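Subject: The structure for you to look through

Hello,

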Amino acid sequence: MASSGKDKCIDYVEFNVSDIGAARSFYGDAFGWTFTDYGPSYCEFSDGNLKGGFTTEGKPRPGGALIILFADDLQGTLKQVEQAGGKITKPVFTFPGGRRFHFADPDGYELAVWSDK
């Protein structure tokens, strides 16, 4: 069988959220994601590379796997996250290969953003 090129790669990320509209607003404002609604309890998002979903079918579960986003402009992205209502949980710090910060979205999910600059 031929490989699809996507074998063992992250393909989709799903968040249980308390309010789909609030999740859309936060991720749309902070990162420019686009959305497709599939009924009142499910909304698919796309960041232009990866797709995922927001659902109200379960309870939000903050503290799962850390999802890390990349940004060309780390400081600009940090400002967008704060303006969209995110709370910075770890200010920008350096690590071998770059810099990053962590934030909590309105439902308490912790994510990170990194840059190699």
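How many of the five residues of E3 are buried? Five of the five are, so strand E3 is largely enclosed by the rest of the structure. Buried here means under 20% relative accessible area, exposed means over 50%, and partly exposed is in between (1.4 Å probe, protein chains only). Helices (H or I, at least four residues) and strands (E, at least two) are DSSP runs, numbered from the N terminus.

Before going on, a word on the source: this is a predicted model, in which local features need pLDDT of at least 70 and side-chain atom pairs count only at pLDDT 80 or more, while totals for chains, interfaces and linings use all residues. Residues are numbered from 1 along each chain as its sequence is written, and side-chain values use heavy atoms, with hydrogens and water left out.

**The sheet around E3**

Both faces of E3 are covered: Tyr-42, Glu-44 and Ser-46 are buried on one side, and Cys-43 and Phe-45 on the other. E3 belongs to an open sheet of four strands with mixed pairing, in the order E1-E4-E3-E2. Two strands pair if DSSP finds at least two bridges between them. E1 (12-16) and E2 (34-37) stand at the edges with a single partner strand each, so one side of each has no neighbour in the sheet.

E3 (residues 42-46) pairs with E4 (residues 51-55) in the antiparallel sense over five bridges; in E4, Gly-52 is the bridge partner of Phe-45, and Lys-51 stands opposite Ser-46. These two strands form a hairpin with four residues between them, and Gly-48 in the turn has a positive phi of about 95 degrees. E2 and E3 are also antiparallel, over four bridges, with Asp-37 opposite Cys-43.

**The salt bridges**

Side chains of opposite charge can pair when their charged atoms come close. There are three salt bridges in the structure, each a side-chain nitrogen of Lys or Arg within 4 Å of a carboxyl oxygen of Asp or Glu.

- Asp-37 pairs with Arg-24, with the closest N and O atoms 2.9 Å apart. Asp-37 lies in E2 and Arg-24 in helix H1 (residues 20-31), so the pair ties together parts 13 residues apart in sequence.
- Glu-44 meets Lys-51 at 3.9 Å, N to O. Glu-44 is buried at 15% relative accessible area, whereas Lys-51 is partly exposed at 43%.
- Lys-117 meets Asp-72 at 3.6 Å, N to O. Lys-117 is in the segment after strand E8 (110-115) and Asp-72 in the loop between strand E5 (67-70) and helix H2 (74-83), 45 residues apart. Both are exposed.

Strands E6 (residues 87-95) and E7 (residues 98-104) run antiparallel and are joined by six bridges. They form a hairpin with two residues between them, where Gly-97 in the turn has a positive phi of about 110 degrees.

Arg-100 lies in E7.

Enjoy exploring it!
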